[in-house]
Each structure stands twice: as C-alpha cells, then as structure tokens.
Amino acid sequence: MAISPSSNQPLSPTSPFPKFNYWHSFKGDLTGGLTAAIVALPLALAFAVASGVEPKAGLYTAMVAGIVAAICGGSPVQITGPTGAMAVILIGIVSQYGIEKVWIAGVMAGIIQIALGIAKLGQLVKFIPYPVTAGFTNGIAIIIFCGQLNNFFGLQLPRQEHFFGNLAQTFTHLDLINPYAILIAGIVIMTKLVWPYIYPTIPASLVGLVLATVITVNFHLDIPTIGTIPQSLPLPHTIPHWNDLQLLRELFRPALALAALGSIESLLSAVVADGMTVSQKHNSNRELIGQGIANMIVPFFGGIPATGAIARTAVNVRSGGKTRVSGVIHGIALALIVLIFAPFASQIPLSALAGILMVTSVRMIEWEAIGLLLRATYSDLAVMLLTWSVTIIFDLVLAVEIGLIAAGVLFIKRMSDLSLAKIPETEVFPEGIPLELTQEIAVYRVDGPVFFGAAERFVTFLRDEPEVKYLILRMRFVPNIDTTGLVALEDIYADLKRHDCQLMLTGLQPEVKNILQRSGLLDKIGQENCFATTTEAIYAIHPHLSDLKIETKELLEESI
C-alpha cells in the first residue's frame, strides 16, 4: 500500500483512481492539472505543426492521450501528449505515407507497447546508458530547432523527409524571407526568456502566443497562420486500409520506431517525475501498457502518437499534482479551452510556434550532461557524440542501437563484474553495541567498476532500508566509475538527503576520487563524509564507540 504524503491516507496500487479519502489533496491535483493544460496548449499546437500534421491533431492528442494514459498508465503524475522527440519521427512518416498511414502506424505502435508491458520489459529502459540518452536527446533538439527555420523566416515551403533536405531548402530560398514573421518569432522568443522573471506563475509560452496573435491581428500582418481549428471535441472515426496486410508489413518498421521512442521517452519522463516527488513511484510495465492503450485509441480521434512529456509532467508536480486525477483534469481543461477559444487559436502565427519550439529545443539540450561528460571519461563523451551524430544524419532508432552497441563495448572493456552487497551487522559491529545503533547504519560493499548497470540497485536502496539514517558505501575495490555511475551516485545522494539519510564513502581509489572531484559530486557529498576505512566512518557517526576496548577496534578493522 502506498501512502499519500499530504493526506497520510492509503492509496490503492491497482485502482486507477485514489479512494474517496484522497480528496483531501484534490486542490493540488486541480492546480497541477490546470497549470499543465495551460502549458500544454501552445506545445500541443507547436509539436503538431513540427510533425507535419494539422494543429488540431496536437490538441486532440493532448486531450485523448492525456486522459487515457493518466487513467491506465503506471505513473501517478505523468502528463502525456505530443512531444518533440515523437515529432522528429512523425515528420518523416507523414512526408512519406500521409496522415492516414500515421494513424495505422500509431495503432500498431500502441499494440507493440502493450506487448512490451505484458512481457515486463519496462525495466530495460533503466539500463540504457546515460551518454546514449543524452546523445539522442541533444540530436532531437537540433533537428527540432532547424526544422522550424522555415516557419521562423515565414517561408511556405514543402516539407522534406530528411533533416539536411529541409536545411538546404531553407537556405536556398532566403530571398523569400518575410520580415514580419521574424519579428513575431523574435517577440515570442524574448517573451519566453524574459517573462519568467516578471510573473512566473503564468506560462511564458502562453503569454508569447497571445501577444504574437494580438499583434498579428491588430496590425493585419501578412504572415502564415495555423488555420481553422474546429470549435468542437474530437469524435471517433474509422481508419481506412487497416486490413491491408501489405501496408501493415510496410508500416511495421515506422511503428516499431514510434513504439521504441515512445516507450523510452515515457519511462524516462516517469523516472524524472519519481525524482521530484516522495509519493508513489511509477510502475514501468503498467506505464508501457497505459501509453500503448492511449496510442491505440488516439488515432481513432484524429490524433498522433504521444509520449509522456517531461516538461509538462514537471509542471504538474511543481504545481501540486500528486495523483493521476491531475492528468485527467489536464485533458478535460484542454477540451474546454478548445470549445471556447478555437476561433482565436486559428489566427496564431506559425512563426510564433516556431519561436516557442526554438527556445524549447535549446533548453532540451543537456548542457549539464555535456559538461559532466567533458569532465569525466572521454569514452562516454565519444558514445554521446556518436549517438548525437547518428540521430541527426540517420534516425533515432538507429542512433539508440549504435549507441547501445558502443556502450556495450565499453561495458565489456571495463569488466562489468560489479558486486553490491550489504555487509551483515554481525560482521560490522562486535557484540555489545546497542541494537538501535546497528539499525540506523547500513554498510554496503561495492566490488568492481561502477557502471550504468548499477544505477537501479542504488536507487532501490531506500525502499529496502527505510529506517537507515547513515549509508556507508565501501568502495575500496572500485577501480573505475563512468558518467552514468556518477549520475546514479548523485541520485542516491539526493534521495538520501530528502529522507534525512547521510551518504558516506570509504576506501576511495585515487582515480575514482579524482573523477568525483572533477565532476563536482565529491563537493556535494562533502570531503568530511569520505574516510579511509569503514571503522573511521562508524566512529565519526558515534564517537563514543572509540572508548571501547582496543580489541573492539581491531575486530572492526579486521572484519571490514
């Protein structure tokens, strides 16, 4: 049974909604859902345009997928909708096959995701190395940014399937630039950058969108707009050609790409959400099933494949959302916005959406990851750059495949025989030590290199040892640590700090200590929490133990 931190009432892990006594926290879910809807409105429109489909498809996706995934998914605070990562794949599929084929591929992708969840493969995403995820995320950011240059310059040019094709087409038609479009995009970009310092409660994207539309309408600027959006809710419809076996075979690879990226993006978003809240953590397999059901249903309402959205999920959590009710409220709020403001939305300039996406894409680039990789190991940096390059030159699925192969080679090279085991209290503490002292200290021995496969074992520590106040990691036999190991260690440090539990390291090898210092993680943990031996760490926690007989100290040194 999970416990809601605000209401201290039990929540059912299987029910899609909390029990009736949950309503003590309804205000937080209401605020989180409404705020997420306001943030989602411009992004849903922008990512639909970036995907090469009509803007209304983005809104319908955010409504339907947002509600279905919230009810059926495995994360209590996840917000689902159109995302930049999915737009990068969709633009190619739309250019090659058309929107009706995208609907079929979306249904197929949903079936694949459900199959992955039933097969309990949700945990596999946690074994994707950090440089690989950073590489394809950075690649996606560059593709989105460059893909909006046409709208930024006010160029109405046919979309090309490939990244470099769009880029070349833009720069060969610079003589057709519309200065008003650049002006509107610039206003939106400045609003996105400056508004959070003025009134951060109202999302900057929405303010920029409204401001750009008002200026365009009042001054009758001749620039492309998104066009008519029906002032009605999406209605279910049939999908043509779904029983064409030849077409299904042709669409299998695009569907596999959508399912793979949708699964990775959604689970990464759920992991990020877990790190922001101390409430119920997500269920990876159920999240895959929920996202799959959403992607199966959305095409029948004219939408496009969706994923969990990290930015919107973060907004939901920060605004008070605690349960899946916030995701349902987000979808309902978007539906009401469409019914009321659709005529206004039809006059939104495409260059305004371009400005939003350009700022979003720049913020998507993981600058901290690049800095960390530059300070850590060059082999991890090479993996990230390789994944980054393949994402831009070829496609995301191939980039993840090649990145995993490269990381696997490094994995073998570093001799991935890691052992992480708790040392029994009887081996750490001699007889006579009070029981309450032994229960609040846990000592773990780490043998072998700390690599990306160890991340999950670190993160699960607090679930296994809730009463521990001090965690000592004995790292005398750890010869190396990679970037994802650093991230895993930082995650466990942050979790421990949130739960008033202190992390202590003993026996650090010079190379490992040097990497921790260069990354800045050692400063966070504190030099005062690093010791030569585990005995010294225990005496630092309870100095009075050093007053025991010398035989006790010798026994401690011998057993540890």
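Why does L233 count as partly exposed? Its relative accessibility is 38%, and the partly exposed class lies between buried (under 20% relative accessible area) and exposed (over 50%), using a 1.4 Å probe and protein chains only. This is a predicted model, in which local features need pLDDT of at least 70, side-chain atom pairs count only at pLDDT 80 or more, and totals for chains, interfaces and linings use all residues. Residues are numbered from 1 along each chain as its sequence is written, and side-chain values use heavy atoms, with hydrogens and water left out.

View 1. V210, V214, L233, I332, L336, L339, I340, F341 and F344 form a nonpolar surface patch of about 760 Å² (Shrake-Rupley area, 1.4 Å probe, with only the protein chains shown as cover for residues). Patch members have over 30% relative accessible area and no salt bridge, and nonpolar side chains (Val, Leu, Ile, Met, Phe, Trp, Tyr) are joined within 5 Å; a salt bridge is a Lys or Arg side-chain nitrogen within 4 Å of an Asp or Glu carboxyl oxygen.

**View 2. Where the patch residues sit.** Helix α14 (325-345) gives the most, six residues, while α9 (204-218) also supplies at least two. L233 lies in the loop between α9 and α10 (245-250). Helices (H or I, at least four residues) and strands (E, at least two) are DSSP runs numbered from the N terminus.

View 3. In β6 (residues 441-447), six of the seven residues are buried. This strand pairs with β7 (residues 470-477) in the parallel sense over six bridges; pairing takes at least two DSSP bridges. Look for A442 opposite L471 in β7.

Note on methods. Patch = residues over 30% accessible without salt bridge, like charges linked within 9 Å, V, L, I, M, F, W, Y side chains within 5 Å.
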